[in-house]
Structures are given as structure tokens and as C-alpha cells.
Amino acid sequence: MSNIALIPAAGVGSRFGASTPKQYATINQQPVLQHTINLFAQNPRIAQIAIIVLPQDEWFNASITQPENAAVYRVGGDTRAQTIANGLQILLAQNLITEQDTILVHDAARCCLPQSALNRLLDALENDTHGHGAMLAIPVADTLKRQTPNEPRIAETVPRQGLWQAQTPQAFQAALLHRALSQANLSQITDDASAIELLGLQPLLVEGDSRNIKLTRPDDAALVAWFLQNQS
């Protein structure tokens, strides 16, 4: 069994407000997606890296250098879940992976993932006996407020005990993830673990890292640049 990193990179990043999709924005002299690919290439426990982009993507070939164990597949879909499903389908259909391999799905825009957090996830997967998969997440620290239905006024304070903020990678056996995505309404799937949950399974929560932020808005770029500059 091998660990396969699958990076969906077909989004347009409308909230980032750049002229190119945010995964191709340059931070610290490299595209965000290049930083993300590199962090998996640097980990000897990752056997393959599969990057899924849109068929019409015009930036990848011009800006990304692929490591030897990486390949790009132009089968991205309209949603993140569809992109992952398409990528997984082609990897299985072409016998590039086995059903027993572990698929680590990681956001293209989370380019600051520390190796310590990645290894913590891989360790947890190796020691887990349930086989439901695992994901990085961090316990919610801030007070949560639910708004009223019609305007941004406080309706109630939501107890944060037991709540976690999802991160990636989220990792599952290829056959399990393929089955979960095949049975789910992909338009309603916001992360891979939610598809697994619909099967009645309970993926393991592994403590992530506050540096593993997702580049979403323009003001995130400065923090991402600082984390990249000070990686340990």
C-alpha cells in the first residue's frame, strides 16, 4: 500500500480577487501550487503526487515544475468534490493506484502544511484499526456565533466544546473514498470526510497545525509568505 497525494487545483479562487486562480498566485518567488507540490515531494513517505486541473487550464505548464513522482491530470470538474472524484476515477481506471492505496486529498491553496503535521497524520493512519480514514483538524478556539436568518445579528452563541475546524490532508483508502464519492450528491460535499460520514463511518481527527492555513483572501497572502519564509 502506498500514500498518494491528490491535489485538486481546478478552482478559480474568486474571493482572492486576482487575475489568475489563487493557486497560481506568486508568493515568495513561486506559485502557491508549486509550494504545495514541493511539500509532498519532500516527504519520502509519499509515493505519488496527482494534481487535478481543469481541461482548459492555461497556467500549469507555464509555471509549474513537476517532481519525478508527480503527474497532472486535466479532468477537473465544476466543484471540488467533482474534481476529486474525476481524479480518483482516472487513477483507478488506468491502474496508476490500487484500491488499497491511501489517498491524501490536500487543498492546493494550503501551501504551508508543516512536515510534522503531515507525518502526524501518516502515523495515525498506520496505527488506526478502524479503517475509516483520518484528517487534520484543530479544536475551535474562538467563541462561535450563529446569526439570525435575515441579517447579521446574533441569534445565539454556539458551544465550541467538541468542535474542530477541518483542515487537509484528509486521507482515506482509495476504494472507500471512491465508493463514498460515487454515492454522494457531490454538489453538497464540502470536504472529503463529509462523504465518508454519509456512509455511517467516523474518520479520525488528528490535531493539525495553525500554520496550515488556506489562502482565501488577498490579506492572507502576507501571512502565507511569512509562514513559507519561516518553515522549520
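**Packing chat**

Mentor: Keep in mind that this is a predicted model. To start with the rings, the structure holds two aromatic pairs.

Trainee: How are the planes of Trp226 and Phe227 arranged?
Mentor: Those two form an edge-to-face pair, with 70° between the planes and 5.9 Å centre to centre.

Trainee: And is Trp226 buried or exposed?
Mentor: Trp226 is exposed, at a relative accessible area of 52%. Phe227 is buried, at 15%.

Trainee: Switching to helices. Which residues of α5 are buried?
Mentor: In α5, residues 174-183, they are Ala174, Leu176, Leu177, Ala180 and Leu181. They span an arc of only 165° around the axis, so they sit on the same side of α5.

Trainee: Why do residues three or four places apart point the same way?
Mentor: Because an α-helix has 3.6 residues a turn.

Trainee: What's on the face of α5 turned away from the buried side?
Mentor: That face carries Ser182 and Gln183, which are exposed.

Trainee: And what covers the buried residues of α5?
Mentor: The cover includes α3 (80-93), β6 (102-105), β10 (164-173) and α6 (192-197).

Trainee: OK, cores. How many residues are in the largest nonpolar core?
Mentor: It has 29 residues, and those with the most contacts inside it are Leu88, Leu91, Ile97, Ile103, Leu177 and Leu181. Elements giving two or more residues to this core are β1 (3-8), β4 (48-52), α3, β6, β7 (134-139), α5 and α6.

Trainee: Which element gives the largest share?
Mentor: That's α3, with seven residues. Apart from this core lies another one of 27 residues, including Ile37, Ile46, Ile49 and Phe60.

Trainee: Back to Ile103. What does it touch?
Mentor: Leaving out residues up to four places away in sequence, Ile103 touches Ile4, Leu6, Leu88, Ile97, Gln170, Ala171, Phe172, Ala174 and Leu177.

Trainee: Last one: where is His132?
Mentor: His132 is in the loop between α4 (115-127) and β7.

Trainee: Buried or exposed, for His132?
Mentor: His132 counts as buried because its relative accessibility is 18%, and the cut-off for buried is under 20%.

Trainee: What lies 3.0 Å from a polar atom of its side chain?
Mentor: The backbone nitrogen of Gln202 does. Beyond four places away in sequence, His132 touches Phe172, Leu176, Ile196, Leu201, Gln202 and Pro203.

Methods. Residues numbered from 1 in each chain as written. Predicted model: local features only at pLDDT ≥ 70, side-chain atom pairs only at ≥ 80, totals over all residues. Heavy atoms only, no water. Phe/Tyr/Trp six-rings, centres within 6.5 Å; stacked < 30°, edge-to-face > 60°. Buried < 20%, exposed > 50% of the residue type's maximum accessible area, 1.4 Å probe, protein only. Helix = DSSP H or I, 4+ residues; strand = E, 2+ residues; numbered from the N terminus. Arc of directions from axis to C-beta. Contact = heavy atoms within 4.5 Å. Core = buried A, V, L, I, M, F, W, Y, C linked by side-chain atoms within 4.5 Å. Polar contact = N/O pair within 3.5 Å; in protein donor to acceptor, adjacent residues only side chain to side chain.
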